[in-house]
Amino acid sequence: MTAENRLLEKLNPSQREAVAYCDGPLLVLAGAGSGKTRVLAHKIAYLVARGDSRPEDILAVTFTNKAASEMKERVEALLGETGAGMQVCTFHSFGLRMLFRNRDLLPRFGLGERFAIFDRADSRSLVKEIMEGLNIDTKQFEPSSMLDRISRVKNDCLPPGRDSPLLEGIYGDVFRAYEEALRRQSAVDFDDLLLLPLRLLQEDGELLERERKRLSWILVDEYQDVNKPQYLTLKKLVGKGGRIMVVGDPDQSIYG
Ligand SMILES: Nc1ncnc2c1ncn2[C@@H]1O[C@H](COP(=O)(O)OP(=O)(O)OP(=O)(O)O)[C@@H](O)[C@H]1O
Ligand SMILES: [Mg+2]
């Protein structure tokens, strides 16, 4: 029996169908604990076993580091050493790696080639500092809800020139000061780890081609949780080939 068939044998009929279908994009919706992650892990192993993808050309994205290492373990259990090179990571670490690979382009965003990453606590302190500088009462306006608003606006990905209704008055002042302060310190926040790679893909055709060439297949777990920039990034990276498979459970959506 071929290695591919051995992999398919370990699945139930609908799981098998999802793994063996490789002719275009595939969205798998199934309930909790039904074997979605198992299907993704087998799909990766299947693509490698068929010989049409090298493990390092396969990108599997998840939302948490825990899910990424679990996925890695599952694939390595199926493929052994062969599976070691694949890109299994979170959306954020994928974004970080893309920024790092293209760091010579970062000055376009007002960043240096070396940049710091602000976590949520760093971002919150920065917002608080800015609010104090603008004489905004941080008892009346919570810095963390201000940061949530900033984050929402960033992730709405409005076209340039279109102002968000969420940024009226002081909100806009804090927002702009926050973005400027980050860049002045050559820093990015967690949202930027998704948004700046997306902008690179949108604004630079050569880079887009290069990034697409690195990927033969894209697999996404917990697809019900993708936000707008993540969705747009996947759409950019997939290109015409349509070699993407996503699995999710609409009932577990964090957006309700
Ligand atoms: N065909 C199968 N044969 C043997 N075990 C299976 C099969 N399908 C699923 N399982 C087992 O069921 C359990 C749940 O599978 P898995 O984690 O892949 O589900 P999931 O749909 O990703 O769950 P969640 O909704 O929590 O993300 C695992 O222990 C997995 O190995
Ligand atoms: Mg799962």
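User: What makes α9 stand out in the lining of the largest pocket?

Analyst: In this predicted model, α9 contributes 7 residues, the largest share of that lining. The whole lining has 25 residues. Elements that give two or more residues to this lining are α7 (143-156), α8 (170-184) and α9 (192-203).

User: Which residues lie nearest the centre of the largest pocket, and what is the pocket's volume?

Analyst: Leu158, Pro159, Pro160, Phe175 and Arg199 lie nearest the centre. The volume is about 850 Å³.

User: How do the lining residues of the largest pocket divide by class?

Analyst: There are 12 nonpolar, 3 polar and 10 charged residues.

User: How do you know where the second largest pocket lies relative to domain 1 and domain 2?

Analyst: The lining decides it. Domain 1 (3-100 + 203-250) and domain 2 (116-185) both give residues to it, so the pocket lies between them. The second largest pocket holds about 310 Å³ of space. Its lining has 19 residues, and His92, Ser151, Asn155, Phe190 and Asp191 are the closest to its centre.

User: Which helix gives the most to the lining of the second largest pocket, and what is the class make-up of that lining?

Analyst: α7 gives the most, with 3 residues. Both α6 (120-133) and α7 supply at least two residues. By class, the lining has 8 nonpolar, 6 polar and 5 charged residues.

User: Why is the remaining space called a cavity rather than a pocket?

Analyst: A cavity is a set of points where a 1.4 Å probe fits but cannot get out, whereas a pocket is an open set. The count comes to 1 cavity of 30 Å³ or more. The largest cavity has a volume of about 70 Å³, so it passes that cut-off.

User: Which residues line the largest cavity, and which element gives the most?

Analyst: The lining is made of Phe91, Phe94, Gly95, Met98, Leu193, Leu194, Pro197, Pro229, Gln230 and Thr233. Two or more of the residues come from each of α5 (91-101), α9 and α11 (228-238). α5 gives the most, with 4 residues.

Notes. Residues are numbered from 1 along each chain as its sequence is written. Chains are lettered from A and ligands numbered from 1 in the order in which they are written. This is a predicted model: local features need pLDDT of at least 70, side-chain atom pairs count only at pLDDT 80 or more; totals for chains, interfaces and linings use all residues. Side-chain values use heavy atoms; hydrogens and water are left out. On a 1 Å grid over the protein atoms alone, a cavity is a set of points where a 1.4 Å probe fits but cannot get out, and a pocket is an open set with protein on both sides within 12 Å along at least five of seven lines; lining residues have an atom within 4 Å of a point. Grid points are joined across faces, edges and corners, and a volume is the space filled by probe spheres set on the points. Ala, Val, Leu, Ile, Met, Phe, Trp, Tyr, Cys and Pro count as nonpolar, Asp, Glu, Lys and Arg as charged, and the others, Gly among them, as polar. Domain bounds come from an automatic or database domain assignment.
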